[in-house]
Amino acid sequence: ECGGGCINFPQGWHDADGPEYNCAWYEKSDRCEEDGGKFRSMGFVANEACCTCGGGFEQSGTAISLEDSEDEDKEIASA
């Protein structure tokens, strides 16, 4: 989990080159800038998945799961 209520998402993300290339790896140096838009894995690149690269998921107060978010969207759509 990162500061400011941001969590890396999806949990356990790493890039297509393997588990050692995770968000902690991207935190070092300027790796987000150089490689953050490459090596898509689990549907995301580092710039989308890692808080340190400007991605991740902003969490405010209590955590909500993706399922909860989808349910809320459905309720809004049917209202």
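A residue counts as buried when its relative accessible area is under 20%, as exposed when that area is over 50%, and as partly exposed in between. In this predicted model, Asp35 is therefore buried, with a relative accessible area of 18%. Buried residues make up 24% of the 79 residues in the protein chain. The chain holds four helices and two strands, and a search of the whole structure finds three disulfides and two salt bridges.

**Overall architecture**

- From the N terminus on, the elements of the protein chain follow the order β-α-α-α-β-α.
- Strand β1 spans residues 6-7 and helix α1 spans residues 23-26, while helix α2 covers residues 31-35.
- Helix α3 covers residues 46-49, and strand β2 covers residues 57-58.
- Of the contacts in the protein chain between residues at least 6 apart in sequence, 54% join residues at least 24 apart.
- The protein chain has an accessible surface of about 5300 Å², and carbon and sulfur atoms account for 48% of that surface.

**Disulfides**

- Counting bonded cysteines along the chain, the disulfides follow the pattern 1-5, 2-4, 3-6.
- Cys6 is bonded to Cys51, with 2.1 Å between their sulfur atoms. This pair links distant parts of the chain, since Cys6 lies in strand β1 and Cys51 in the loop between α3 and β2, 45 residues apart. The link of Cys6 and Cys51 is left-handed, with -95° about the S-S bond, and both Cys6 and Cys51 are buried.
- Cys23 is bonded to Cys50, with 2.0 Å between their sulfur atoms. Here, too, distant parts of the chain are linked: Cys23 belongs to helix α1 and Cys50 to the loop between α3 and β2, 27 residues apart. The link of Cys23 and Cys50 is left-handed, with -80° about the S-S bond, and both cysteines are buried.
- Cys32 is bonded to Cys53, with an S to S distance of 1.9 Å. The pair joins distant parts of the chain, with Cys32 in helix α2 and Cys53 in the loop between α3 and β2, 21 residues apart. Because the torsion about the S-S bond of Cys32 and Cys53 is about -70°, this disulfide is left-handed. Cys32 and Cys53 are both buried.

**Nonpolar core**

- The largest nonpolar core comprises eight residues: Trp13, Cys23, Tyr26, Cys32, Ala46, Ala49, Cys50 and Cys53. Helices α1 and α3 each supply at least two residues of this core.
- The core includes Cys23 and Cys50, which are joined by a disulfide. Cys32 and Cys53 also belong to the core and form a disulfide.
- Leaving aside residues up to four places away in sequence, Cys32 touches Tyr26, Gly37, Asn47, Thr52 and Cys53. Among these contacts of Cys32 are Tyr26 and Cys53, both members of the core.

**Asn8 and Cys51**

- Asn8 is found in the loop between β1 and α1. Asn8 counts as partly exposed because its relative accessibility is 24%.
- Asn8 and Cys51 are 43 residues apart along the chain, yet their C-alpha atoms are separated by 5.6 Å.
- A polar atom of the Asn8 side chain lies 2.8 Å from the backbone nitrogen of Cys51.

**Salt bridges**

- Side chains of opposite charge can pair when their charged atoms come close.
- Lys38 and Asp35 form a salt bridge in which the closest N and O atoms are 3.3 Å apart. Lys38 counts as partly exposed because its relative accessibility is 43%, whereas Asp35 is buried at 18%.
- Arg40 and Glu48 form a salt bridge through their side chains, at 3.1 Å from N to O. Arg40 is partly exposed, with a relative accessible area of 47%, and Glu48 is partly exposed, with a relative accessible area of 35%.

Conventions
Residues numbered from 1 in each chain as written. Predicted model: local features only at pLDDT ≥ 70, side-chain atom pairs only at ≥ 80, totals over all residues. Heavy atoms only, no water. Buried < 20%, exposed > 50% of the residue type's maximum accessible area, 1.4 Å probe, protein only. Polar contact = N/O pair within 3.5 Å; in protein donor to acceptor, adjacent residues only side chain to side chain. Salt bridge = Lys/Arg side-chain N within 4 Å of Asp/Glu carboxyl O. Core = buried A, V, L, I, M, F, W, Y, C linked by side-chain atoms within 4.5 Å. Contact = heavy atoms within 4.5 Å. Areas by Shrake-Rupley, 256 points an atom, 1.4 Å probe, with all protein chains shown as cover. Disulfide = S-S within 2.5 Å.
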